[in-house]
Amino acid sequence: MSNASKKVAIVTGSSRGIGAAIAERLAGDGFAVVINYAGSAAEAEAVAGKIAQAGGRAITAQADVSDAAAVTHMFDAAESAFGGVDVLVNNAGVMRLAAIADADDAAFDSQIAINLKGTFNTLREAARRLRHGGRIVNLSSSQAGLLSPTYGIYAATKAAVEALTHVLAKELRGRNLTVNAVAPGPTATKLFLDGKTPEVIDHLAKLPPLERLGQPTDVAAAVSFLAGPDGGWINGQVLRANGGII
Ligand code: NDP
């Protein structure tokens, strides 16, 4: 495929973890990819380098998704590099666990700002700018269904992401754009592993009937399906990619 005819995907928060796996997978599927990050420039460059080495095309774009102006600039950068945007994957997210009684304002504000406002900022831009036939995939979490203690604020942001998914799918009637969410279960990344003992990790890994942690590539495969030709009839849905934990 020539560069001019390549479809273009923005993957937010793709300097590591699930986002990096999604960016690499979509590049392998033939998309030109925008590797977004907030602070981890070197890691984002490494992901872009890996994609280029495998014969794909990628640029990096620094933007804190909670900053609406920065998100607009990221879309501008994607359009000037690749001519347009076809796919948005809203992957950037943070998790700060605490019982509601103990949670501080900063934990609340940061998760709302990045997980919810960040998703809103990119969805608004995508709703205005995505090319006909495009796809949006939002990262929710199986915690929106599991609702475990200490996950209250995080689960609330992901429930909100699922609500935005359903509403936007309807608002885009007539544009041939789909909006779906993928809701992973426990997946072996920094976000999940940080601050957990090996015993807790082992316990959580055994909860799904498939008895292992998800890998970022497991989640990337679900996103690839929804962003690719076989996912075209799926719209307004939440796909739980979690080994059956819920
Ligand atoms: P990681 O912490 O490993 O990676 C998060 C990524 O998001 C990094 O690239 C980080 O880059 C970026 N990021 C964080 N804040 C911002 C911001 N404000 N603007 C732009 N980018 C940002 O997380 P995961 O890969 O585990 O998680 C990815 C998504 O999957 C999240 O939405 C998460 O909620 C969801 N998820 C994860 C699960 C898991 O078990 N891992 C389970 C269910 C859902 P930088 O360092 O540059 O900020």
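Entry 1, the β-α-β unit. I traced strand β2, helix α2 (residues 41-53) and strand β3, which form a right-handed β-α-β unit. Right-handed here describes a path from the first strand over the helix to the second that runs clockwise, with the strands pointing away from the viewer. Helices (H or I, at least four residues) and strands (E, at least two) are DSSP runs, numbered from the N terminus. The model is predicted: local features need pLDDT of at least 70, side-chain atom pairs count only at pLDDT 80 or more, and totals for chains, interfaces and linings use all residues. Residues are numbered from 1 along each chain as its sequence is written, and side-chain values use heavy atoms, leaving out hydrogens and water.

Entry 2, strand pairing. I found β2 (residues 32-37) and β3 (residues 58-62) running parallel, joined by five bridges; pairing requires at least two bridges found by DSSP. V33 stands opposite A58 in β3.

Entry 3, the ligand shell. I noted 31 residues around the ligand, and the closest are S15, G39, S40, Y154 and T189; a residue counts if one of its heavy atoms lies within 4 Å. Helix α7 gives the most to this shell, with three residues.

Which distance did I find for the side chain of S15? An N or O atom there is 2.6 Å from an oxygen atom of the ligand. For the side chain of K158, the distance to a ligand oxygen atom is 2.9 Å. N91 uses a backbone N or O atom, 2.8 Å from an oxygen atom of the ligand.

Methods:
A polar contact is a pair of N or O atoms within 3.5 Å; within protein, one must be able to donate a hydrogen and the other to accept it, and residues adjacent in sequence count only if both atoms are side-chain atoms.
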